[in-house]
Structures are given as C-alpha cells and as structure tokens.
Amino acid sequence: MLHDRICSALGDPKRLMILYLLNQHQRSVGELAAELNTPQPTISHHLKILRERSLVRTHKDGTTVYYALADGRVIQAVDLL
C-alpha cells in the first residue's frame, strides 16, 4: 500500500516538476507557482499530496512556509525509473 501511495504521488508530471525544483533548494508555494506558471491553489494541492506521502517537509519562517525534499534519494529513484 505504501508503494502504491508513493507511486501515485509520483505519477503526476506537475508533482515531478515540483520535486525536481525542490531538489535544487527549498521554495515557498508562491515561488513554485511562479516558476511553474501554475495557479497557487493547484501547487498547494500537489504539495499537500507530496506532504501526506512524506516526500516533502516544511518549515515556517515568519508567515512563509517553505518546502524541501524530505529525502534527496527520491530524485535518484525517479531518475532510475
């Protein structure tokens, strides 16, 4: 079941793009939305899924929430696929 949840999270091209951007450095929802030219609510939805699957982690700086990869090895796994 765990594999199914992770694979379903990785099955969306937008979520993969988010992971690759977060592999470079942490970003806020607004930064991701601007870089991907995607509405902020859509990015938030994708980040929620990635967070629920423990693929990204968050930390707050003032009122801004930043997202980062929980484990960089996920990019290696995606690259192998």
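A residue counts as buried when its relative accessible area is under 20%, as exposed when that area is over 50%, and as partly exposed in between. These terms are applied below to a predicted model. By this scale Arg 73, at 58% relative accessibility, is exposed.

**Overall form**

The protein chain contains five helices and three strands, and along the sequence they follow the pattern α-α-β-α-α-β-β-α. Its C-alpha atoms fill a box of roughly 35 × 20 × 20 Å, taken along the principal axes. For 81 residues, a compact globule would have a radius of gyration near 12 Å, and the chain agrees with this because its own value is 12 Å. Buried residues account for 36% of the 81 residues. The accessible surface comes to about 5,100 Å², and carbon and sulfur atoms hold 53% of that surface. Among contacts with a separation of 6 or more, 50% are between residues 24 or more positions apart.

In soluble globular proteins, nonpolar side chains tend to be buried together. The largest nonpolar core here has 21 residues, and the members that touch the most others are Ile 18, Leu 19, Leu 22, Leu 32, Ile 43, Leu 47 and Leu 50. Two or more residues of this core come from each of α1 (2–10), α2 (13–24), α3 (29–36), α4 (40–52), β3 (64–69) and α5 (73–80).

**Salt bridges**

Side chains of opposite charge can pair when their charged atoms come close. The structure holds four salt bridges, including those in the table.

| Salt bridge | N to O distance |
|---|---|
| Arg 27 and Glu 35 | 2.5 Å |
| Lys 48 and Glu 52 | 2.9 Å |
| Asp 71 and Arg 73 | 2.6 Å |

The partners can be described by their accessibility. Arg 27 has a relative accessible area of 3% and is therefore buried, whereas Glu 35, at 43%, is partly exposed. Lys 48 is partly exposed at 41%, and Glu 52 is likewise partly exposed with a relative accessible area of 41%. Both Lys 48 and Glu 52 lie in helix α4, four residues apart, which is about one turn of the helix. Together with Arg 53, Lys 48 and Glu 52 are linked in a network of salt bridges. In the remaining pair of the table, Asp 71 is partly exposed at 33% relative accessibility, while Arg 73 is exposed at 58%.

Key. Residues are numbered from 1 along each chain as its sequence is written. This is a predicted model: local features need pLDDT of at least 70, side-chain atom pairs count only at pLDDT 80 or more; totals for chains, interfaces and linings use all residues. Side-chain values use heavy atoms; hydrogens and water are left out. A nonpolar core is a set of buried Ala, Val, Leu, Ile, Met, Phe, Trp, Tyr and Cys residues joined through side-chain atoms within 4.5 Å. Buried means under 20% relative accessible area, exposed over 50%, partly exposed in between (1.4 Å probe, protein chains only). A salt bridge is a side-chain nitrogen of Lys or Arg within 4 Å of a carboxyl oxygen of Asp or Glu. The radius of gyration is taken over C-alpha atoms; the globule rule is 2.2 Å times the number of residues to the power 0.38. Contact means heavy atoms within 4.5 Å. Accessible areas come from the Shrake-Rupley method with a 1.4 Å probe; for residues, only the protein chains shown count as cover.
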